[in-house]
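Subject: Structure handover

Hello,

Here is the structure I said I would pass on. Please have it open while you read the notes under it.

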Amino acid sequence: MTSIKQELRHASKATREDVFGKVITYCCVAVIAVLVISILYFIASRGIATFTVNHVSLWSFISQTSWNPGLLDAHGQPQIGALAMMVTSFTVTILAAIIATPFALAVALYMTEIAPNRGARILQPVIELLVGIPSVVYGFIGLTVVVPYIRHLFGGTGMGILAGTLVLFVMILPTVTTLSVDALNALPGYLRDASLALGATRWQTIHKVLLRAATPRLLTAVIFGMARAFGEALAVQMVIGNAVLMPHGLVTPTATLTSQLTTQIGNTVMGTLPNNALWSLALVLLVMSLIFNLLIRFIGKRGQLS
Amino acid sequence: MATYDLTAHHIIEPGGPIALSTEKLQVFYGRQQAIFDATLNFPANQITALIGASGSGKSTYLRSLNRMNDKVARVTGKIMYQETNINDRTINVYAVRRHLGMVFQRPNPFAKSIYDNLTFALKATGIKSRTILDDRVEQSLKEAALWEEVKEDLHKSALALSGGQQQRLCIARALATQPEILLLDEPASALDPISTAKIEVTLKRLVERYTIIIVTHNMQQAARLSSYTAFLHLGHLIEFDKTPTIFQNPEMTATQDYITGNFG
């Protein structure tokens, strides 16, 4: 009996392993948490410096369109207005999502509902291939194929929101498609059976039952695609024109938050106003991706409730 | 498991009018054959039970009747309904499914309101008149004995109903298209005994107006409910007779062994 009592009171190899595993897990989580917080702090502190150290007004940052951090204007004020870049970033993002969504949905429906075996077997590798192409290659194709074509059709340089949208459309298509396929595959099979057994056609079943039931997750897919488009830098920078001007149409050269960051970050000195201004742009990007994330969570929660 | 002569069978001709019949119905999943030469007449306005062990093909057989196995399996042979072979390429399968309503094992209401669940099939066929829709909703809910419980909540989500209520909603939903035949695939196996009893009472009342074919692996249920019973084994239709005969004095050894529980 004493041996059982002892066994009950003492740690064994298994319990020590348990503790060890727990410690490793907590350590890893802590490192990642510190990393994320540091990144947030770093970008936020640099980004805010424009307003706290250099005393640029927040309002002029978000409402002015003239961007020239290195020069002072007639009133001795630096020209830090990011509106043009924000407008361009949002426009290319939203347009790319609007164009990509119907294509992605069509492909996803083909792969899940219309030809689940054949469709998935052919299209799955194609989509994975699209994901694997580096963004610089997309940009290069955009620059050599899309931009000259737009120039030919509409005149001007051919660079601008339209070229950026078309490149981003192809880039986010696989993201939105893959997530839409997951959304449709997650639907319980009995919904399809129920609808077909009531004499609904395949199209009625897709349109009135399946898409309806998958809406929250499909929205999430689109927002994921938008987050990707909003944050994409290189490919957009190659076709957008890189002139910080308010876009006057879809084919005038302009710049996005990301393209301005990639082109200018090497030309500024750490701690100066031009450098801080770029950090402010990075902060805007960070806040936006945070908003996209919250939106995804919010929609996901609402989907669960209904 | 004991081996039985699968080619031997005892299938009677039911008295009275026939609502549906199959002639040499065969079902193949790829190369594998799931149903062998099923020839059977289903009597009108009667409950016919399909019994058999798991894998006997009873659900496969049932799902073939309203062409739910299209795209899933290959079905050959004839299914005669209204003097028409509905197992034919030229047949409008959507119309077939409205005449042969189906209720599944798990309650499967759409994530819509009760009202929208019931009007789904009607709207799909193009019926828009509010009065017709309202009438059909009330009528089919009454037939499924659910009206009194939900008449105040027609626009609330169908998912808020209990499992038994959801299943009766699914029955009402199938009745809304005014079918002639109701196919039920183990409709009570996911429900508690009280809900099961309610479903059974409902079916007993419905049989005055509809022909009912029900798959069940609950033999007491088959005995309580049906007037005819068909026993399937490994895809073969072994015996079809009046329910009392099947349960008290079956012709075939396989049937005898199955109903007494001496089955492998």
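This is a predicted model: local features need pLDDT of at least 70, side-chain atom pairs count only at pLDDT 80 or more; totals for chains, interfaces and linings use all residues.

Chain A

The secondary structure of chain A consists of 12 helices and 2 strands. Read from the N terminus, the order of its elements is α-α-α-β-β-α-α-α-α-α-α-α-α-α. Chain A has a radius of gyration of 25 Å, whereas a compact globule of 306 residues would be near 19 Å. Its C-alpha trace spans about 90 × 65 × 35 Å along the principal axes. Buried residues are 36% of the 306 in chain A. Of the contacts in chain A with a separation of 6 or more, 72% are between residues 24 or more positions apart.

Chain B

Chain B has 10 helices and 11 strands. Its radius of gyration is 18 Å, close to the 18 Å that the globule rule gives for 264 residues, so chain B is as compact as a globular protein of that length. The C-alpha trace of chain B spans about 55 × 45 × 35 Å along its principal axes. In chain B, 47% of the 264 residues are buried. Among its contacts between residues at least 6 apart in sequence, 70% join residues at least 24 apart.

Where the chains touch

The contact involves 14 residues from chain A and 17 residues from chain B. On the chain A side, helix H8 (189-197) and helix H9 (202-231) each supply at least two residues. H8(A) gives the most to that side, with 6 residues. Sorted by class, the side of chain A that touches chain B has 9 nonpolar, 4 polar and 1 charged residues.

The core and helix H7 of chain A

The largest nonpolar core has 140 residues. Those with the most contacts inside it are A:Ala163, A:Val167, A:Leu168, A:Ile172, A:Val239, B:Leu50 and B:Ala172. Helix H7 (residues 161-185) of chain A provides the largest share of this core, 15 residues.

Why can H7(A) be called largely enclosed by the rest of the structure? A residue counts as buried if 20 or more other C-beta atoms lie within 10 Å of its own. By that rule 22 of the 25 residues of H7(A) are buried, so the helix is largely enclosed. From its first C-alpha to its last, H7(A) reaches 34 Å, close to the 36 Å expected at 1.5 Å a residue. There is a kink of about 35° in H7(A) at A:Ile172, shortly before the proline A:Pro174.

A:Val239 is another of the core residues with the most contacts. Setting aside neighbours within four places in sequence, A:Val239 is in contact with A:Gly139, A:Gly142, A:Leu143, A:Val146, A:Val147, A:Met159, A:Ala163, A:Gly164 and A:Val167.

Single residues to look at

In chain A, A:Leu234 is found in helix H10 (residues 234-240). A:Leu234 has 16 other C-beta atoms within 10 Å and is partly exposed. Not counting residues up to four places away in sequence, A:Leu234 touches A:Ser135, A:Val136, A:Gly139 and A:Thr262. The C-alpha atoms of A:Leu234 and A:Ile291 are separated by 22 Å, and these residues are 57 apart along the chain.

In chain B, B:Leu159 lies in the loop between helix H5 (147-150) and helix H6 (163-175). B:Leu159 counts as partly exposed, with 15 C-beta neighbours inside 10 Å. Not counting residues up to four places away in sequence, B:Leu159 touches B:Pro109 and B:Ala111. B:Leu159 and B:Val75 are 84 residues apart along the chain, and their C-alpha atoms are separated by 34 Å.

Two backbone angles in chain B are also listed here. B:Asp37, in strand E3 (residues 32-43) of chain B, has a phi near 40°, a positive value in a residue other than glycine. B:Asp37 is partly exposed, with 17 other C-beta atoms within 10 Å. B:Asn45 lies in the loop between E3 and strand E4 (47-51) of chain B. The phi of B:Asn45 is near 55°, a positive value in a residue other than glycine. B:Asn45 counts as partly exposed, with 16 C-beta neighbours inside 10 Å.

Regards

Technical notes
Residues are numbered from 1 along each chain as its sequence is written. Chains are lettered from A and ligands numbered from 1 in the order in which they are written. Two residues are in contact if their C-beta atoms, placed from the backbone, lie within 7 Å. Helices (H or I, at least four residues) and strands (E, at least two) are DSSP runs, numbered from the N terminus. Ala, Val, Leu, Ile, Met, Phe, Trp, Tyr, Cys and Pro count as nonpolar, Asp, Glu, Lys and Arg as charged, and the others, Gly among them, as polar. A nonpolar core is a set of buried Ala, Val, Leu, Ile, Met, Phe, Trp, Tyr and Cys residues joined through C-beta atoms within 7 Å. A residue is buried if 20 or more other C-beta atoms lie within 10 Å of its own, exposed if 12 or fewer, and partly exposed in between; C-beta atoms are placed from the backbone. The radius of gyration is taken over C-alpha atoms; the globule rule is 2.2 Å times the number of residues to the power 0.38. The expected span of a helix is 1.5 Å times one less than its number of residues. The bend at a residue is the angle between axes fitted to the seven residues ending there and the seven starting there.
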